[in-house]
Amino acid sequence: MVATSRSSANPNQCTPQGVHQVVEHFIDAFNRGDIAQLDRLVSQQQFVWYATDAPGQRVNAEAYDRENLMAYFAARHRQREHLVLNSLDVTFTNASRGGLWAHLTRSADDGLPPTRYSSKGEVQCATVPSSLTVWAMGRSPWSPIELLPEAAALMLIAAGVGGIVLWRRRTARRIPRAASAKTNITR
């Protein structure tokens with residue numbers, strides 16, 4: 001009976017730390033162009049899709065095709081595509097899967113300056129090693145809330161400049177008054 005309960009338990013339960021680790025290893029291998037490591041980190045049994053927009057667009061039927069994915073990764077590496085993980089939120093974990101939202105900076109030599117991207121994905125933990133089954137990323141627009149620190153700094157600078165201008169104007173008005181007052185006193 002103990003052997004049965006052990007065999008039914010998943011020794012490779014998904015955890016938030018495990019999801020983070022798979023994503024970090026994937027991005028590292030992607031940036032280095034390590035195709036062998038990428039082949040291990042993208043699930044062969046449970047692959048669903050890898051999708052992104054241009055350059056290197058991979059959408060529709062092509063996104064679901066794992067057969068050409070390693071050639072795609074090699075082509076993107078030749079374009080020096082680079083991903084920087086800015087943040088990662090694990091949205092769920094269970095015995096076999098973990099979901100994620102990531103915020104990245106994506107760049108490439110074929111016309112993509114460093115650009116903000118959002119990505120959703122999924123990691124499977126049912127088979128060893130844990131691996132990506134879903135990765136979809138697209139451009140992420142700037143959020144006005146993210147500009148608040150810059151706006152606050154600009155407001156402080158404007159207030160400081162305004163204060164200096166006001167002070168100089170008041171000082172400039174006082175000097176002629178003081179000079180005319182001296183003149184009136186000396187007469």
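Modeller: Let's start with pockets: on a 1 Å grid over the protein atoms alone, a cavity is a set of points where a 1.4 Å probe fits but cannot get out, while a pocket is an open set with protein on both sides within 12 Å along at least five of seven lines, and lining residues have an atom within 4 Å of a point. Numbering runs from 1 along each chain as its sequence is written, and side-chain values use heavy atoms, with hydrogens and water left out.

Biologist: Which residues lie nearest the centre of the largest pocket?

Modeller: Gly18, Gln21, Val22, His25 and Ser130, out of 15 lining residues. Helices (H or I, at least four residues) and strands (E, at least two) are DSSP runs numbered from the N terminus. On that count, α2 (16–32) and α3 (35–41) each supply at least two lining residues, and α2 gives the most, with 5.

Biologist: What makes the lining residues nonpolar, polar or charged?

Modeller: Just the residue type: Ala, Val, Leu, Ile, Met, Phe, Trp, Tyr, Cys and Pro count as nonpolar, Asp, Glu, Lys and Arg as charged, and the others, Gly among them, as polar. Sorted like that, the lining divides into 6 nonpolar, 8 polar and 1 charged.

Biologist: How do you know that Cys14 and Cys125 are joined by a disulfide?

Modeller: The test is a pair of cysteine sulfur atoms within 2.5 Å. Cys14 and Cys125 have an S to S distance of 1.8 Å, so the pair meets the cut-off. A search of the whole structure finds 1 disulfide. The link of Cys14 and Cys125 is right-handed, with 95° about the S-S bond. Cys14 sits in the loop between α1 (2–8) and α2 and Cys125 in the loop between β4 (112–124) and β5 (131–139), so the pair ties together parts 111 residues apart in sequence.

Biologist: Why is Thr133 called buried?

Modeller: Buried means under 20% relative accessible area, exposed over 50%, and partly exposed in between (1.4 Å probe, protein chains only). Thr133 has 2% relative accessibility, so it counts as buried. Its place is in strand β5. Using contact in the sense of heavy atoms within 4.5 Å, Thr133 touches residues including Phe47, Trp49 and Val123, not counting those up to four places away in sequence. Cys14 and Cys125 are both buried too, and buried residues make up 30% of the 187 in the chain.

Biologist: What makes Thr93 partly exposed?

Modeller: Thr93 comes out at 32% relative accessibility, so it falls in the in-between class. Thr93 lies in strand β2 and touches Cys14, Thr15, Pro16, Val19 and Gly98, again leaving out residues up to four places away in sequence.

Biologist: Why do Asn60 and Arg80 count as exposed?

Modeller: Asn60 has 61% relative accessibility, so it is exposed, and Arg80, with a relative accessible area of 60%, is exposed as well. Asn60 lies in helix α4 and has a positive phi of about 55° although it is not a glycine. Phi of Arg80 is near 55°, and Arg80 is in the loop between α5 (69–78) and β2 (82–93).

Biologist: What is the average pLDDT of the chain?

Modeller: With pLDDT being the predictor's confidence in each residue, from 0 to 100, the chain averages 85, and 80% of the residues score at least 70. Over residues 1–10 the pLDDT is below 50, and this stretch has 4 contacts in the model beyond near neighbours in sequence. Where pLDDT is low, the predicted coordinates should not be read in detail.
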